[in-house]
Amino acid sequence: MNQIFKQILTALLLFASCTAFAQRGTVTGKVTDADGESLIGAAVQVQGASIGTITDVDGNYSLQLNAGTYTLEISYIGYAVTTRNITVGTGTTTLDISLESGATDLTEVVVSTGSRSSQRTILDSPIPIDVFGQNELKSTTQNSFDKALQYRVPSFNTVNTPVNDATTLLDPYEIRNLGPSRTLILVNGKRKNTSSLLYVQFSPGRGETGADLSAIPVDAIKRVEILRDGASAQYGSDAIAGVMNVILKDRYDYSTLTFRAGTTTSGGEDFVRRPGNGRGDTYGVSLNSGSNFGQKGYINYTIDLSQQNSAVRSGIIDVDTEIATFGGFPEQDQLIRDYLNDHPTGNNVNGTGEITAGKFLLNGGFSAGTLGNVYGNIAVVTKKVESFANFRAPYWRQDRGLLHARSDNGGKNYITEATLAFPEDDPDIYQGYIGYLPTFEGDLTDYTATVGVDNEHNGWKHDVSLTIGGNKQLYSVNNTVNRTLGTSSPVSFKPGGFSFNHVVSNLDVNKNITDAFGIAFGAEARSETYQIFAGDQASYFGEGANSFPGIREENARTNSRFNLGVYFDARFDVSPNFLINGTVRSEKYSDFGGASVWKLSSRYKMLDDKIILRGSVSTGFRAPSLHQIYAQSTQASSAGGTIVLSGLFNNLSAAARQLEIPRLTPEKSTNISVGVGLNPAKNFNISLDYYNINITDRIVYSSSVRAAENDSTSNLAQILKAGELESVQFFINGVETQTDGIDFVANYRNLEVGAGKLGISLSGNYTIKNEIVGTPNNPKPIADAGATILNNQVISLMEEGRPLYKAILGFDYNMGKLSVGLYNTLFGPTKFQDLDNGGSIMNHIKAEFDPAVVTDLVISYDITKKATFTLGVNNILNVLPKWDLVGIDQEGKDYLKNETDKSLLRGFLGFSGRYDILGYNGSQFSQLGTMINGNLSIRF
């Protein structure tokens, strides 16, 4: 009986499968533009169903459908969405589609950023959102994702820092001049981990940390959505300036193999003869590929390998400034003249460091039937970097008898045997001894991974996910010494490093209760861990390794925290034109308490969507990072025969308690934005948005606080003396800031010019106000001593360290196989007051960088249907940052009237000319000048 039952069941299953097969048909075709050129990656979707595909490298597509009548929707960025009705039989049905240019552009892409209750197009959104496709990012021909954004997003700024060491691993960035820690970075809508690096140099971003944007390979990106508005209520901490959501490529359409190479048009004198004569040559190869399976299954992966050599931009050292710094008696002064006559750059290797990187990213998903859609992604990047400290010339660091001409540091020994040849007080020590060049090397690993399931039941959409991520950096310092250790000093050191990791779980639920009303709610649980690794004892003992002392054992620690956040979002379409959206959120942190915030936004469309009014008001918060709470880096030195400490002390230290420095609490913000969008014609749109951001209890990294030279009686002086402290720095909720500005975007597409079509875009950002309100919150012992937590140098860095304005004018011309882009980026002025190098006179003088226009030319040609060559000439006019000294009061103006004093001061600000292009604080744009980059992309 059982055998008979099995046979009957087998027959029924076979009949059913044959019947199903007989009832299915295939739809094939080709998608082209109006000129008949194949469109690669066009989406072919069945309306009302989650069935679709993407055209391959030849523009062909294929769909298997049950017999019946369907409506196919065909879309491609830059082209009008087209629908076609088709009846599918049991055989093969052919449907070719030609798309017309113009009606669809990125403003009509459905974005996932900015609202929890429903997804909308940019034009429907009540808040300003920029969307950049991969082609727009790649057209910059920049070598990393963050630098590509620099030349496409006016409110986004980043630049290589003049003094590298750990920042060679990643450069600070910011939106709307608010620092990297106030822009939340998402990958496919999930929070990306921040870096473990805390920026401490006197350059923009000081005292903060941010995600490593350069770790994301551009070839893995489908598009980038940038929300230019406060969004703490929707996404939690860090979203004060805005949110950047990186959407990864998903469905596989074709494989792309890309070869990249580039160089700059000039190099500097390079003492260690770096590869490429200091031009900064770059090489890279990237593979993007994948596979589709089933109706919804896909895997899309990217492998990217790159090498960037050092670009040397060492300045010619000013002899008079060098003598004023290191001279003092005739023999020494003559030694300096002789040395710089032979070595005009002082053998410095300044510019950008050497970077070797490997990046891997995989994005995938599949249907699990009634369980829903399973999705996930994983990204891993490893980097190794090398940069150089200032060359230790013999009149600066003699270190007699310590170096021994060793070669136990991988053969990178630039110290001569003659170090031992002369006594320390011999003015002729230059004879045969040229000094040494310390190196900094860093190893970085950054990873992130997400797995989740989304589903829908009775109109309720829910998404559950788990994300992990981390960033670890370990450092090495070579070719230097620890003078305290004398002849037993090694020449290679391991000064320690940092690590940051987080685990994030999310639950998001939303439903359209009616066509006009929708709700969303959810929760996020997150744990974070920050670890400080001590260096080897030789790296921090006494004076420590010269150029980069190690992390002391007592400063090494591991700290963690946990937070839970919940939100509720409601959307109401009062009419088809009038939208109101509101969100509330509450979060609880294990280390400092909680925060509750809200947001209200609205949009009104008029004249058949030709005019769109929008606005929002919200409160926000930013939790102090674990880096800011627990980081401590103190250094021992001798003062008056006593070993004293100086450096960064965390807020839990005894020094902080004695100085009445309170524990860190969250920053609080109020954001207001109003804007208008205009769509006067089919291919022409304009948007103008005003923003106002007020931040109270803003966390700052203080100036170096010390007692006055002759002060021995103030409470501050006594606290420092009792603690054997020379000076202290710390993080504190120190100021209130106000930032106001305007964003402008205009696009005109598909202008017919000759045999091709021209697109014109103009976008800009202008900072109306970016300033500290009132005075810093000086703790009583500091205020009573007449000191301050923020000197003019730090204030200037916060208020004026990024461009006052920035605008990008672009022209894109497409004619068949040829595409030409011409882009002009205007960088407004920046200003700095460098008291560390210029002295107290810099309280009356600023170093001001002039506005400048950087012009890029990009030419792309389709050699075949499957191969494209692109040549980019960035900064084609070789424009370099230029700065001058400006008196801000009468004392400063009088000082600058003396040309000798002015020349010496300029020299001090650039370390005697070593950093003459940028100074020590940096500028608005790169010092590298003209860069030539080419890439060959092969599709298969």
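Two rings of Phe, Tyr or Trp (its six-membered ring) count as a pair here if their centres lie within 6.5 Å. In this predicted model, that rule gives 23 aromatic pairs. Ring pairs join Phe326, Tyr339, Tyr395, Trp396 and Phe911 into a cluster.

One member of that cluster, Tyr339, is a buried residue of helix 6, along with Gln332, Asp333, Leu335, Ile336 and Leu340. Looking down the axis of helix 6, these buried residues fall within an arc of 155°, so they line one face of the helix. Pro330 and Asn341, both exposed, sit on the face turned away from that buried side. Part of the cover over the buried residues comes from helix 5 (319–326). As for its length, helix 6 (residues 330–342) has 13 residues and spans 19 Å from first C-alpha to last, close to the 18 Å expected.

Elsewhere, Phe517 and Phe572 make an edge-to-face pair, at 6.5 Å centre to centre with 70° between the planes. Phe517 belongs to strand 28 (residues 517–533) and Phe572 to strand 29 (residues 557–573), so this pair ties together parts 55 residues apart in sequence. Phe517 is partly exposed, at 30% relative accessible area, and Phe572 is partly exposed too, at 38%. Phe832 and Phe849 have ring centres 6.0 Å apart and planes at 90°, so they are also edge-to-face. Here strand 41 (residues 830–832) supplies Phe832 and strand 42 (residues 845–849) supplies Phe849, so the parts tied together are 17 residues apart in sequence. Both Phe832 and Phe849 are buried.

Arginines also meet rings in this model: Arg176 lies over the face of Tyr691, 3.7 Å from the ring centre, and the charged end of Arg906 sits over the ring of Trp883, 3.9 Å from its centre.

Technical notes
Residues are numbered from 1 along each chain as its sequence is written. This is a predicted model: local features need pLDDT of at least 70, side-chain atom pairs count only at pLDDT 80 or more; totals for chains, interfaces and linings use all residues. Side-chain values use heavy atoms; hydrogens and water are left out. Helices (H or I, at least four residues) and strands (E, at least two) are DSSP runs, numbered from the N terminus. The expected span of a helix is 1.5 Å times one less than its number of residues. Buried means under 20% relative accessible area, exposed over 50%, partly exposed in between (1.4 Å probe, protein chains only). The arc is that of the directions from the helix axis to the C-beta atoms. Contact means heavy atoms within 4.5 Å. Rings of Phe, Tyr and Trp (its six-membered ring) pair if their centres lie within 6.5 Å; planes under 30 degrees apart count as stacked, over 60 as edge-to-face and the rest as tilted. A charge sits over a ring if NZ of Lys or CZ of Arg is within 6 Å of the ring centre and within 35 degrees of the ring normal.
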